[in-house]
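Keep the structure open while reading.

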Amino acid sequence: MTQTGLVALTGVNKHFGELHVLKDINLSIAKGEVVVVIGPSGSGKSTLCRAINRLETIDSGTIELDGQPLPSEGKTLATLRADVGMVFQSFNLFAHKTILQNVTLGPLKVRKMDPKKAEQRAMELLERVGVASQASKYPAQLSGGQQQRVAIARALAMDPKVILFDEPTSALDPEMIQEVLEVMIDLAKQQMTMVVVTHEMGFARSAANRVVFMADGEIVEQADPETFFTSPTSRRAQDFLGKIL
Ligand code: ADP
Ligand code: MG
């Protein structure tokens with residue numbers, strides 16, 4: 001590894017029409033690092049995640065994964081994108097496929113994995129997130145918390161270099177939030193590189209190496225969780241924390 005980080009954004013800008021949603025973003029994420037991104041609604045957190053795996057184009061700047069620039073399209077993009085896992089607020093499982101099929105699909109199609117091996121690995125991962133007994137069911141038959149754990153297993157099945165989580169617990173009933181956070185805390189302990197957009201400050205405190213605070217498309221402030229939560233330096237971070245804590 002070089003100093004540049006596993007994921008490195010340099011001078012990234014993004015507009016939606018007149019709206020400047022990412023303003024000169026510089027962010028380097030080290031291998032094994034857990035970065036929690038927080039900030040008010042509309043500050044560009046989702047756009048940042050989507051830009052990292054090119055679900056969203058950028059206007060200027062570069063995004064590198066493991067030292068390789070992410071192209072805006074083409075075959076190299078598909079390969080590199082497979083190294084970036086994504087877990088969304090709304091689970092996004094394939095409704096007409098079983099839980100097991102949801103997890104084996106990527107490895108079979110993208111990684112060309114042997115079907116037996118893909119299935120075996122999928123079952124191990126479903127075991128790890130605590131939903132192995134649901135393998136033959138369909139997503140709608142599972143609770144939200146279970147579906148989100150399947151989504152995490154599905155991301156892991158691709159052996160990603162990094163996983164991006166965009167408010168993974170925001171759509172869950174309160175009693176299911178913890179079971180998903182526990183899986184994420186476990187991943188963090190195992191040195192998975194993670195970018196996590198969340199309002200769960202308990203998770204940030206216990207699992208994050210770094211908190212990045214965004215407002216109005218800018219990274220306003222970043223620090224280790226202890227420092228950030230006890231002594232935020234910017235007025236905007238102080239206001240934000242005052243509202244949510
Ligand atoms: P956050 O995730 O922090 O709430 P987003 O990244 O979703 O913020 O959005 C940042 C800003 O960009 C918001 O003002 C939002 O309305 C706008 N935006 C997001 N996606 C689009 C889009 N596809 N087209 C136009 N505006 C968008
Ligand atoms: Mg968002």
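Predicted model: local features only at pLDDT ≥ 70, side-chain atom pairs only at ≥ 80, totals over all residues.

Residues are numbered from 1 along each chain as its sequence is written, while chains are lettered from A and ligands numbered from 1 in the order in which they are written.

**Ligand 1**

The shell around ligand 1 consists of F16, L19, V21, G39, S41, G42, S43, G44, K45, S46 and T47. The top contributor is α1, with 3 residues. A residue belongs to the shell if its C-beta atom, placed from the backbone, lies within 6 Å of the ligand. By class, the shell holds 3 nonpolar, 7 polar and 1 charged. Here Ala, Val, Leu, Ile, Met, Phe, Trp, Tyr, Cys and Pro count as nonpolar, Asp, Glu, Lys and Arg as charged, and the others, Gly among them, as polar.

| Residue | Phi | Loop |
|---|---|---|
| F91 | about 65° | between β6 (84–87) and α3 (99–109) |

Helices (H or I, at least four residues) and strands (E, at least two) are DSSP runs, numbered from the N terminus.

Are these residues buried or exposed? F91 is buried, because 23 other C-beta atoms lie within 10 Å. Q191 is exposed, because it has 11 C-beta neighbours inside 10 Å. The cut-offs are 20 or more other C-beta atoms within 10 Å for buried and 12 or fewer for exposed, with C-beta atoms placed from the backbone.
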